[in-house]
Amino acid sequence: VIGEPTGMVPTHAHKGIFSFRTIVTGKSAHSSQTQLGVNSIHYASRLITQLHGLSQQLQSHRDSHFTPPYSTVQVGMIEGGTARNIIPLKTSFLWEIRPLPSVDKDEILEQFLSHARELEAEMRSIDSSSSIATIQQTNVLSLRPETDAALVQQMLRLAESNKMDSAAFGTEAGIIQSHGYACFVCGPGHIEQAHIPNEYVEYNQLERCLRFLTACGNELSYS
């Protein structure tokens with residue numbers, strides 16, 4: 001049981017989080033001589049436009065248990081260039097995929113990498129030292145719903161809850177689950193009050209959590 005803030009409602013599914021840094025390296029030259037350079041910002045922008053297109057395509061596959069109910073792709077940071085009149089040598093951007101448990105992030109990533117290879121070949125036809133490199137930075141696996149109905153009912157009873165929930169945030173539960181363990185996320189407090197000024201957890205949530213942990217210890221521990 002992973003203790004993240006779910007309002008003490010057992011959660012049996014969440015999206016994955018896979019983040020990347022893509023570095024586009026072109027060739028610098030004076031902006032009056034564009035034929036001599038490879039503009040890294042121009043090529044990075046084409047990759048970013050592709051990511052936006054992928055994010056739109058992913059909205060066709062939906063799961064109403066999540067908010068938003070589809071996998072997401074977004075670019076969070078971009079950095080590049082030296083001055084307005086210099087063709088930028090290097091541009092990098094940070095981006096992420098947050099797939100539903102039923103969506104294979106590798107298929108999304110391969111579409112991006114395939115396009116990157118095409119653009120890299122185009123860049124190298126102008127200057128052979130040009131490159132596009134993508135480095136994975138985080139690998140948070142999705143949590144898939146448990147299929148053992150008896151275990152799900154037991155977890156509901158121990159948590160004093162009448163429903164299972166899904167979460168938009170990621171945890172280590174998916175990683176642990178991938179090694180063969182049944183996993184749930186359940187903890188005091190609400191994600192809306194997390195990671196903000198004056199974040200808090202209500203006393204009644206802590207009391208419910210203590211009852212839950214005691215019940216788990218009494219019923220699930222090995223003798």
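## Sheet, helices and ring cluster

In this predicted model, four strands form an open sheet with antiparallel pairing, in the order β3-β4-β2-β5. Strands β3 (72–80) and β5 (131–140) are the edges, each pairing on one side only. On average, and with direction ignored, neighbouring strands of this sheet are turned by 15 degrees against each other.

Eight bridges join β2 (residues 17–25) to β4 (residues 90–98) in the antiparallel sense. Serine 19 has glutamate 96 in β4 as its bridge partner. Two helices pack on the sheet. Helix α1 (residues 40–57) touches β2, β3, β4 and β5, and its direction makes about 10 degrees with that of β4. Helix α2 (residues 105–124) also touches β2, β3, β4 and β5; the direction of α2 makes about 165 degrees with that of β5.

A search of the whole structure gives two aromatic pairs, tabulated here.

| Ring pair | Centre distance | Plane angle | Class |
|---|---|---|---|
| Phenylalanine 20 – tryptophan 95 | 4.6 Å | 25 degrees | stacked |
| Tryptophan 95 – phenylalanine 112 | 4.6 Å | 45 degrees | tilted |

Phenylalanine 20 belongs to strand β2 and tryptophan 95 to strand β4, so their pair ties together parts that are 75 residues apart in sequence. The pair of tryptophan 95 in strand β4 with phenylalanine 112 in helix α2 links positions 17 residues apart. Through these ring pairs, Phe20, Trp95 and Phe112 are linked into a cluster. Phenylalanine 20 counts as buried at 2% relative accessibility, tryptophan 95 counts as buried at 3%, and phenylalanine 112 counts as buried at 0%.

A charge–ring arrangement also occurs: the charged end of lysine 105 sits over the ring of phenylalanine 18, 5.0 Å from the ring centre.

Methods. Residues are numbered from 1 along each chain as its sequence is written. This is a predicted model: local features need pLDDT of at least 70, side-chain atom pairs count only at pLDDT 80 or more; totals for chains, interfaces and linings use all residues. Side-chain values use heavy atoms; hydrogens and water are left out. Two strands pair if DSSP finds at least two bridges between them. Axes are lines fitted to C-alpha atoms, for helices over the stretch in contact, and angles run from 0 to 180 degrees between N-to-C directions. Contact means heavy atoms within 4.5 Å. Rings of Phe, Tyr and Trp (its six-membered ring) pair if their centres lie within 6.5 Å; planes under 30 degrees apart count as stacked, over 60 as edge-to-face and the rest as tilted. Buried means under 20% relative accessible area, exposed over 50%, partly exposed in between (1.4 Å probe, protein chains only). A charge sits over a ring if NZ of Lys or CZ of Arg is within 6 Å of the ring centre and within 35 degrees of the ring normal.
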